[in-house]
Amino acid sequence: MNALTFQAMKRRGFNLEDTHLKDRDKISKLLCTLALAFCWAYKTGEWINETTPIKVKSHGRKAQSIFRAGLDYLARILNHIDTWLEELFGAVALLFETRWERAS
């Protein structure tokens, strides 16, 4: 999970290194925000994988990570918020749902 989180913060996700921030307070606030965004994207990706499983390639790995699937989905919603408002509310609800609620 640590490698996934690291990749999400770097080139495969949020491009943290592109900020060039030096102020510790700003970096701290940004990391807190990115941690929440990571959790949201990952939970959304889990939901996507449960509803429509991510394809597995011939080498046995998923075509995209659960995080990436969630991040792409959220980006699509947020880039077209006027037409995807209902889906946005559903994605926000995932943040407050436990695994046990989904199972029942």
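1. Order of elements. From the N terminus on, the elements of the protein chain run α-α-α-α-α, and the secondary structure comes to 5 helices and 0 strands. The model is a predicted one, and the points below should be read with that in mind. Of the 104 residues of the protein chain, 27% count as buried. Among contacts between residues at least 6 apart in sequence, 55% join residues at least 24 apart.

2. Helix α2. This helix covers residues 24-51, and its 28 residues reach 40 Å from the first C-alpha to the last, close to the 40 Å expected at 1.5 Å a residue. At its start, a side-chain oxygen of Asp23 comes to within 2.8 Å of the backbone nitrogen of Asp25. The buried residues of α2 are Leu34, Phe38, Trp40, Ala41, Tyr42, Lys43, Thr44, Gly45, Glu46, Ile48 and Asn49, a list that includes Lys43 and Glu46, which both count as charged by class.

3. Buried in α3 are Ile66, Phe67, Ala69, Gly70, Leu71, Tyr73, Leu74 and Ile77. Ser65 is found in the loop between α2 and α3 and is partly exposed, because its relative accessible area is 30%, between the limits of 20% and 50%. The side chain of Ser65 reaches the backbone nitrogen of Arg68 at 2.9 Å.

4. Packing of α2 against α3. The axes of these helices come within 7 Å and cross at roughly 100°, and α2 and α3 are therefore roughly perpendicular to each other. On the α2 side the contact is made by Phe38, Trp40, Ala41, Tyr42, Thr44, Gly45, Glu46, Trp47, Ile48 and Asn49, while α3 contributes Ile66, Phe67, Ala69, Gly70, Leu71, Tyr73 and Leu74. By class, this contact has 12 nonpolar, 4 polar and 1 charged residues.

5. Packing of α2 against α4. Here the helices pack at an angle of about 105°, with their axes 9 Å apart, which makes α2 roughly perpendicular to α4. The residues that meet are Trp40, Lys43, Thr44 and Trp47 in α2 and Leu88, Ala91, Val92 and Leu94 in α4. By class, the contact of α2 with α4 has 6 nonpolar, 1 polar and 1 charged residues. A colleague may wish to note that Trp40, Thr44 and Trp47 are among the α2 residues in this contact and are also among those listed for the contact with α3.

6. Leu78. The place of Leu78 is in helix α3, residues 66-79, where Leu78 is partly exposed because its relative accessible area is 44%. The C-alpha atoms of Leu78 and Leu88 are separated by 7.6 Å, the two residues being 10 residues apart along the chain. Leu88 is also one of the α4 residues that meet α2.

7. Phe96. The C-alpha atoms of Phe96 and Trp40 are separated by 9.9 Å, although the residues are 56 residues apart along the chain. Trp40, by contrast, is one of the buried residues of α2.

How values were computed. Residues are numbered from 1 along each chain as its sequence is written. This is a predicted model: local features need pLDDT of at least 70, side-chain atom pairs count only at pLDDT 80 or more; totals for chains, interfaces and linings use all residues. Side-chain values use heavy atoms; hydrogens and water are left out. Helices (H or I, at least four residues) and strands (E, at least two) are DSSP runs, numbered from the N terminus. The expected span of a helix is 1.5 Å times one less than its number of residues. Buried means under 20% relative accessible area, exposed over 50%, partly exposed in between (1.4 Å probe, protein chains only). A polar contact is a pair of N or O atoms within 3.5 Å; within protein, one must be able to donate a hydrogen and the other to accept it, and residues adjacent in sequence count only if both atoms are side-chain atoms. Axes are lines fitted to C-alpha atoms, for helices over the stretch in contact, and angles run from 0 to 180 degrees between N-to-C directions. Angles under 35 degrees count as roughly parallel, over 145 as roughly antiparallel, 65 to 115 as roughly perpendicular and the rest as oblique. Contact means heavy atoms within 4.5 Å.
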